[in-house]
Amino acid sequence: MQQNLNVQLTIPIPDDMVLINKVEYEDLKSNELTGVYWNMKELEERINRKSVWIKENILYPTKFRAVLDSEKGGFVFYPKAQGQNWAFQATKMADFLEKRFSQIFGS
């Protein structure tokens, strides 16, 4: 016969910490980028690649530009004139990079 031992345990949580359930945590993580737009510098930092590489391998290839370009319903603003900045809808760009990793690095 197996014996059981019931124990009551108190674990202090530091004042600078919060305990939340996993579902709540996942919701917070997914909302982290909602309403956020990256510029080119922020995208460079996110994927650890320089703008020249990003343009050559992600932004300008026809197979990706058709999906990315905001003029075609995408989520990347391509500058049209000197002085305009790139803009990336963070949630959708992050999702694109996750899903297209093998296409980006496999070509």
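## Helix α3 and its surroundings

Helices α2 and α3 pack at an angle of about 85 degrees, and their axes lie 10 Å apart. That makes α2 roughly perpendicular to α3 (65 to 115 degrees counts as such; axes are lines fitted to C-alpha atoms over the stretch in contact, with angles from 0 to 180 degrees between N-to-C directions). Here is who does the touching (contact means heavy atoms within 4.5 Å):

| Helix | Residues in the contact |
|---|---|
| α2 | Met 40, Leu 43, Glu 44, Ile 47 |
| α3 | Ser 51, Trp 53, Ile 54, Lys 55, Ile 58, Leu 59 |

By type, these are seven nonpolar, one polar and two charged.

This is a predicted model, with local features needing pLDDT of at least 70 and side-chain atom pairs pLDDT 80 or more, while totals for chains, interfaces and linings use all residues. Numbering starts from 1 along each chain as its sequence is written, and side-chain values use heavy atoms, leaving out hydrogens and water.

Now for α3 itself, residues 51–59: its buried residues are Ser 51, Ile 54, Ile 58 and Leu 59 (buried is under 20% relative accessible area, exposed over 50%, with a 1.4 Å probe and protein chains only). They span an arc of only 65 degrees around the axis, so they sit on the same side of α3 (the arc uses directions from the helix axis to the C-beta atoms). Facing away from that buried side are the exposed Val 52 and Glu 56. The buried residues pack against several elements, including α4 (62–68), β3 (87–89) and α5 (90–99); helices (H or I) are DSSP runs of at least four residues and strands (E) of at least two, numbered from the N terminus.

Ser 51 has a relative accessible area of 18%, so it counts as buried. Leaving aside residues up to four places away in sequence, Ser 51 touches Met 40 and Glu 44.

Conventions: Parallel < 35°, antiparallel > 145°, perpendicular 65-115°, else oblique. Nonpolar A, V, L, I, M, F, W, Y, C, P; charged D, E, K, R; others polar.
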